[in-house]
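Hi everyone, thanks for coming. I'd like to walk you through one model today, so please have a look at it with me.

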Amino acid sequence: MISITRGISNILSRIAFAHTSSNPSSIRTLQTTYVLNCENTEGIRTDEKSTTDSDAQRKELTEAELKLKNKDRTQVIPVETSIRYLRSSAYQQTYGNTLIWELYRRNHKGAIPPRKTRKTCVRKGAISTGNPCPICRDEYLVLDYRNLDLLRQFISPQTGEVLSYTKSGLCQKKHLQLLVAVEKAWDYGLLTFDVPFLEFDYREYYGKNVKLAN
Ligand SMILES: [Zn+2]
């Protein structure tokens, strides 16, 4: 029960985030929803009429309607919104300090998972599976070469390479988009990777009595 209420509050916070990001005039009505209070906190007062209106609208959305709304992927989210989302309290509330793919688990028949993940999670503008991949399940995660906070979550800190879909669980479509975005970010110089410089003791290789040139 706690998880359900938490899920609904997350959804509501997403909706609040969407409203605040797309329409600045609606910020006034959504100030009471404790989400994104960090922005525009000064000088805004909610008048009673507008708050009651928004409450009524929110109550009209039943759980089934919310489900349908969550599965819809026809709305195009701009990258700027996604970048702001990754730094917002709505994101913190949803993922905390874990990486977005860390707690995701693929569901498959039998004990051994299929070698490849599914082709795509979104068909005809809606989520077509019960267990969409970590990027498809959250519409505010937009793969783009400018969205560095998101791309860094899929780059291995040990090797600097993009994680395989067997580890991250991304569908093939999103994995390809991820590869393109990371490659583009490297080309633009936005993402860099430095290999740690190791000081070798060459005497271990050539013997202690050999005098090295440098
Ligand atoms: Zn997917």
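I'll start with confidence and the overall layout, then visit a few residues and helices.

First, the ground rules: this is a predicted model, so local features need pLDDT of at least 70, side-chain atom pairs count only at pLDDT 80 or more, and totals for chains, interfaces and linings use all residues. Residues are numbered from 1 along each chain as its sequence is written.

How confident is the predictor? The chain averages a pLDDT of 77, and 69% of the residues score at least 70; pLDDT is the predictor's confidence in each residue, from 0 to 100. Please be careful with residues 21-51, where pLDDT stays under 50 and the model has 36 contacts beyond four places in sequence. Two residues are in contact here if their C-beta atoms, placed from the backbone, lie within 7 Å. Where pLDDT is low, the predicted coordinates should not be read in detail.

Now the layout. There are 10 helices and two strands in the chain, in the order α-α-α-α-α-α-β-β-α-α-α-α from the N terminus. These are DSSP runs numbered from the N terminus: helices are H or I with at least four residues, strands are E with at least two. Of the contacts with a separation of 6 or more, 65% join residues 24 or more positions apart.

How much of the chain is buried? Of the 214 residues, 22% are. By that I mean 20 or more other C-beta atoms within 10 Å of the residue's own; exposed means 12 or fewer, partly exposed is in between, and C-beta atoms are placed from the backbone.

Let's look at helix H9, residues 172-188. At 1.5 Å a residue, its 17 residues should span 24 Å, and the end C-alpha atoms are 24 Å apart, which agrees; the expected span is 1.5 Å times one less than the number of residues. The buried residues of H9 are Lys174, His175, Leu178, Ala181, Val182 and Ala185. They sit on the same side of H9, because they cover an arc of only 125 degrees around the axis. That arc is taken from the directions from the helix axis to the C-beta atoms. What covers these buried residues includes helix H7 (148-152) and helix H8 (165-168). Just after H9, glycine 189 takes a positive phi of about 80 degrees.

Over in H5, the buried residues are Ser82, Tyr85 and Leu86. Those three cover an arc of only 95 degrees, which puts them on the same side of H5.

Staying with H8, serine 168 lies in that helix. Is serine 168 buried or exposed? It counts as buried, because it has 22 C-beta neighbours inside 10 Å. Leaving out residues up to four places away in sequence, serine 168 touches Trp101, Pro134, Phe154 and Leu163.

Pro134 is also touched by isoleucine 100, along with Tyr95, Leu141 and Gln153, again not counting residues up to four places away. Isoleucine 100 is in the loop between helix H6 (89-95) and strand E1 (122-123). With 19 other C-beta atoms within 10 Å, isoleucine 100 is partly exposed.

Finally, lysine 124, in the loop between E1 and strand E2 (126-127). Lysine 124 has a positive phi of about 55 degrees although it is not a glycine. It counts as exposed, because it has 7 C-beta neighbours inside 10 Å.
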